[in-house]
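Try each task yourself before you read the solution.

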Amino acid sequence: MVNIYAPNFGNPQFFNKILNIISEFNYQNVIIGGDFNCVLDPYLDKSTQQKRGNTQSKTSELINTYIKNTNITDVWRITNPAGREYSFYSMVHKTYSRIDYFLVETKLIPYTLNPKYHTNTISDHSP
């Protein structure tokens with residue numbers, strides 16, 4: 001199990017290092033969860049789209065490539081393929097985004113029950 005608290009700015013090197021460590025040790029039953037501080041799908045994971053279109057950040061590209069090349073999946077997105085729920089509200093930008101994730105090995109999906117985001121009450125992130 002890996003808990004992520006990523007820098008709040010685009011930092012692909014951070015994720016590159018973490019994902020390389022996970023791959024290097026060839027762990028079984030991998031669960032990666034936490035505050036990734038980036039959206040994996042700029043269309044579905046943000047309440048508003050940027051004027052320049054829905055382009056992915058370098059960090060998102062790196063994580064999505066890792067997901068595609070391994071047996072890791074976004075467990076919430078599997079059960080909500082077109083869903084829009086958000087885990088963070090930015091007061092500065094007045095937007096909602098889904099930046100908190102649980103990525104699990106696909107073989108663990110049958111052991112997950114109803115992944116969902118709860119209403120946030122004491123934090124700027126939803127549990």
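## Exercise 1: Around Phe15

Leaving out residues up to four places away in sequence, Phe15 touches Ile4, Ala6, Phe36, Thr59, Leu62 and Ile63. Keep in mind that you're looking at a predicted model.

**Task.** Find the element that holds Phe15, then work out whether Phe15 is buried or exposed.

**Solution.** 
1. Start with the element: Phe15 sits in helix H1.
2. Next, take the relative accessible area, which is 3% for Phe15. The cut-off for buried is under 20%, so Phe15 counts as buried.
3. Now try a pair that is separated along the chain. Phe15 and Ser60 are 45 residues apart in sequence, yet their C-alpha atoms are 9.5 Å apart in space.

## Exercise 2: The cavity

**Task.** Say how many cavities of 30 Å³ or more there are, and which residues line the largest cavity.

**Solution.** 
1. Count first: there is one cavity of 30 Å³ or more.
2. Then look at the space inside, about 30 Å³ for the largest cavity.
3. List the lining of the largest cavity: Ile4, Phe15, Leu19, Ile32, Phe36, Ile63, Tyr66 and Leu103. Two elements give two or more residues to this lining, namely helix H1 (12–25) and helix H2 (58–69).
4. Sort the lining residues by type, and you get eight nonpolar, no polar and no charged.
5. Link back to Exercise 1: Phe15 is one of the lining residues, and among its contacts are Ile4, Phe36 and Ile63, which also belong to the lining.

## Exercise 3: A strand residue

**Solution.** 

## Exercise 4: The whole chain

**Task.** What order do the elements of the protein chain follow from the N terminus on?

**Solution.** 
1. Tally the elements: the protein chain has three helices and six strands.
2. Read them off from the N terminus, and the order is β-α-β-α-β-α-β-β-β.
3. Zoom out to burial: 38% of the 127 residues count as buried.
4. Finish with contacts between residues at least 6 apart in sequence: 68% of these join residues at least 24 apart.

Technical notes:
Residues are numbered from 1 along each chain as its sequence is written. This is a predicted model: local features need pLDDT of at least 70, side-chain atom pairs count only at pLDDT 80 or more; totals for chains, interfaces and linings use all residues. Side-chain values use heavy atoms; hydrogens and water are left out. On a 1 Å grid over the protein atoms alone, a cavity is a set of points where a 1.4 Å probe fits but cannot get out, and a pocket is an open set with protein on both sides within 12 Å along at least five of seven lines; lining residues have an atom within 4 Å of a point. Grid points are joined across faces, edges and corners, and a volume is the space filled by probe spheres set on the points. Helices (H or I, at least four residues) and strands (E, at least two) are DSSP runs, numbered from the N terminus. Ala, Val, Leu, Ile, Met, Phe, Trp, Tyr, Cys and Pro count as nonpolar, Asp, Glu, Lys and Arg as charged, and the others, Gly among them, as polar. Buried means under 20% relative accessible area, exposed over 50%, partly exposed in between (1.4 Å probe, protein chains only). Contact means heavy atoms within 4.5 Å.
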